[in-house]
Amino acid sequence: MKQAWKEAKEALTKNFDYFNKLAEKYCAERVNTYCVVNHWEKGGNDRYYFNIRRRNHRFQKSAGYWDEVAQKYVAPGKGGIDLEEEVIGV
């Protein structure tokens, strides 16, 4: 039982970790840029938001969010940074 729960938990976090690494890679390729991940949970929603910021705090763009309930990445709207498109070129 413990092993099954451990495997299920690993499967759920595997995709989130993938997008978190994409955000880190995106920031590593740019000077004075870093990624901030915020967890938000309310009303049956459970999301991790990715934001890209510059060190001087004059720049911030959304990089979408990971939806834990639906188990999918949701790319931002106009003006945001689609992690898959920017880093991988999907």
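Reader: Is Tyr-48 buried, partly exposed or exposed?

Author: Keep in mind that this is a predicted model. Tyr-48 has a relative accessible area of 22%. Buried would need a value under 20%, and exposed one over 50%. Since 22% falls in between, Tyr-48 is partly exposed.

Reader: Okay, and how are the rings of Phe-16 and Tyr-48 arranged: stacked, edge-to-face or tilted?

Author: The search of the whole structure turns up six aromatic pairs. Phe-16 and Tyr-48 have ring centres 4.5 Å apart, with 40° between their planes. Stacked would take an angle under 30 degrees and edge-to-face one over 60, so this pair is tilted.

Reader: How many residues apart in sequence are the parts that Phe-16 and Tyr-48 tie together?

Author: Phe-16 belongs to helix α1, while Tyr-48 belongs to strand β2, which covers residues 45-54. Because the two sit in those elements, their pair ties together parts whose separation in sequence is 32 residues.

Reader: Moving on to charges, which residues are linked with Arg-30 in a network of salt bridges?

Author: The whole structure has two salt bridges. In one, the side chains of Arg-30 and Glu-29 meet at 3.6 Å, N to O. In the other, Arg-30 pairs with Glu-86, the closest N and O atoms being 4.0 Å apart. So Arg-30 is linked in a network with Glu-29 and Glu-86.

Reader: How many residues apart in sequence are the parts tied together by Glu-86 and Arg-30?

Author: Glu-86 is in helix α2, residues 83-88, and Arg-30 is in the loop between α1 and β1. That's why their pair ties together parts with a sequence separation of 56 residues.

Reader: And which ring does the charged end of Arg-30 sit over?

Author: Arg-30 itself is partly exposed, at 30% relative accessibility. Its charged end is 3.7 Å from the centre of a ring, and that ring belongs to Tyr-26.

Reader: Last one: how far apart in space are Gly-80 and Ser-62?

Author: Gly-80 is in the loop between β4 and α2, and it's partly exposed. In sequence, Gly-80 and Ser-62 are 18 residues apart, but in space their C-alpha atoms are separated by 5.0 Å.

Conventions. Residues numbered from 1 in each chain as written. Predicted model: local features only at pLDDT ≥ 70, side-chain atom pairs only at ≥ 80, totals over all residues. Heavy atoms only, no water. Buried < 20%, exposed > 50% of the residue type's maximum accessible area, 1.4 Å probe, protein only. Helix = DSSP H or I, 4+ residues; strand = E, 2+ residues; numbered from the N terminus. Phe/Tyr/Trp six-rings, centres within 6.5 Å; stacked < 30°, edge-to-face > 60°. Lys NZ or Arg CZ within 6 Å of the ring centre and 35° of its normal.
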